[in-house]
Amino acid sequence: MEKLRIVFMGTPEFAVGILDTILNTNFEVVGVITAPDKPAGRGQKIKYSAVKEYALEKNLKLLQPTNLKEEAFLTELKDLNANLQVVVAFRMLPKVVWDMPKFGTFNLHASLLPNYRGAAPINWAIINGETKTGVTTFFIDDKIDTGAMILSKEVGITPDENAGQLHDTLMHLGSQAVAETLELIQNGKAETTLQVDSAEIKTAYKLNKDNCKIDWNRPGKEIHNQIRGLSPYPAAWSFFSDNGQEWNVKIYEAKFIAQTHAETIGKIITTKKEMKIAVSDGYIEIIQLQFPGKKNLKTSELLNGISFGTNAKAF
């Protein structure tokens with residue numbers, strides 16, 4: 001049984017939870033690779049990745065390459081003398097990197113592969129109304145999320161769960177999956193299963209402004225799933241208009257009320273504390289939202305300071 005010497009690659013908070021578990025289960029991490037620092041926010045101050053913050057706190061060897069094929073980086077990576085690389089929410093690796101260690105490179109993906117390969121698996125599982133998802137570890141190959149699977153763990157998705165809540169659940173589940181995968185590899189017991197492609201496989205497309213915009217003509221349940229699948233980030237959005245004014249509004253929480261009515265689709269109906277928007281098969285009640293330049297507020301708080309006319313609409 002050869003002791004593992006691990007290089008960990010990751011960037012966001014999701015990856016931090018996994019890295020923390022690796023260290024707490026007494027595996028040796030000889031280096032951490034994360035994204036270069038970049039300016040963020042209004043002041044464009046330099047922002048460290050969540051993984052960098054953690055690596056500095058734990059005094060881990062840290063590399064931040066801009067080019068994964070650059071000779072200087074490849075030399076530094078080779079000098080770490082790792083025999084395994086673990087990737088969580090990083091970026092596509094060139095073969096010269098993923099093929100370097102003796103035991104290969106495995107990735108943790110936040111879906112039950114082969115479904116939801118791609119950039120936003122947690123979001124799309126909820127947007128598409130799935131009732132279960134999970135995590136999968138697999139050995140990286142030359143395509144995206146297509147390598148031989150090592151193990152997977154499944155979890156249910158509750159009807160009102162949002163992407164942030166599912167993110168945290170999958171981070172804990174992913175930590176268990178990575179720890180178990182490391183044990184299997186270290187003990188020479190890692191058996192793999194090839195992914196089988198089919199026309200029914202669902203894809204986790206990159207999120208953008210277009211696919212985050214709400215189409216109020218869709219069924220209410222689908223709109224509700226879109227809102228919770230994009231909350232808290234990047235957030236579903238819609239235009240609101242009233243009395244000649246127009247706003248780009250982010251919606252963070254809502255519920256669907258199935259009901260027959262004769263209202264125009266998109267009509268905004270408010271009381272002193274509640275707001276609902278007419279859809280084809282009922283109403284979407286807005287619970288939490290954000291107007292431009294304003295704080296993220298509960299609808300009841302927003303309606304303390306703003307009122308809407310009878311012609312207000314969402315579109």
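**Exercises on pairs and a pocket**

E130 is buried, with a relative accessible area of 19%. The model used in these exercises is predicted.

**Exercise 1.** Find the salt-bridge partner of E130 and state where the two residues lie.

*Solution.* Step 1: E130 forms a salt bridge with K202, and their closest N and O atoms are 2.7 Å apart. Step 2: E130 sits in the loop between α5 and β9 (132-139), while K202 sits in the loop between α6 and β11 (203-204). Step 3: the pair therefore links distant parts of the chain, 72 residues apart. Step 4: K202 has 36% relative accessibility and counts as partly exposed, whereas E130 falls under the 20% limit for buried.

**Exercise 2.** Classify E154 and K132 by accessibility, and say what their pairing ties together.

*Solution.* Step 1: the side chains of E154 and K132 meet in a salt bridge, 3.8 Å from N to O. Step 2: E154 lies in strand β10 (residues 149-156) and K132 in strand β9, so the pair ties together parts that are 22 residues apart in sequence. Step 3: exposed means over 50%; E154, at 52%, is exposed. Step 4: K132, at 44%, is partly exposed.

**Exercise 3.** Describe the largest pocket by its volume and its lining.

*Solution.* Step 1: the largest pocket holds about 1700 Å³ of space. Step 2: 43 residues line the pocket, and those closest to its centre are T11, P12, A89, F90 and A119. Step 3: elements giving two or more residues to this lining include α1 (13-24), β6 (84-88) and α6 (163-186). Step 4: by class, the lining has 27 nonpolar, nine polar and seven charged residues.

Definitions and conventions
Residues are numbered from 1 along each chain as its sequence is written. This is a predicted model: local features need pLDDT of at least 70, side-chain atom pairs count only at pLDDT 80 or more; totals for chains, interfaces and linings use all residues. Side-chain values use heavy atoms; hydrogens and water are left out. On a 1 Å grid over the protein atoms alone, a cavity is a set of points where a 1.4 Å probe fits but cannot get out, and a pocket is an open set with protein on both sides within 12 Å along at least five of seven lines; lining residues have an atom within 4 Å of a point. Grid points are joined across faces, edges and corners, and a volume is the space filled by probe spheres set on the points. Helices (H or I, at least four residues) and strands (E, at least two) are DSSP runs, numbered from the N terminus. Ala, Val, Leu, Ile, Met, Phe, Trp, Tyr, Cys and Pro count as nonpolar, Asp, Glu, Lys and Arg as charged, and the others, Gly among them, as polar. A salt bridge is a side-chain nitrogen of Lys or Arg within 4 Å of a carboxyl oxygen of Asp or Glu. Buried means under 20% relative accessible area, exposed over 50%, partly exposed in between (1.4 Å probe, protein chains only).
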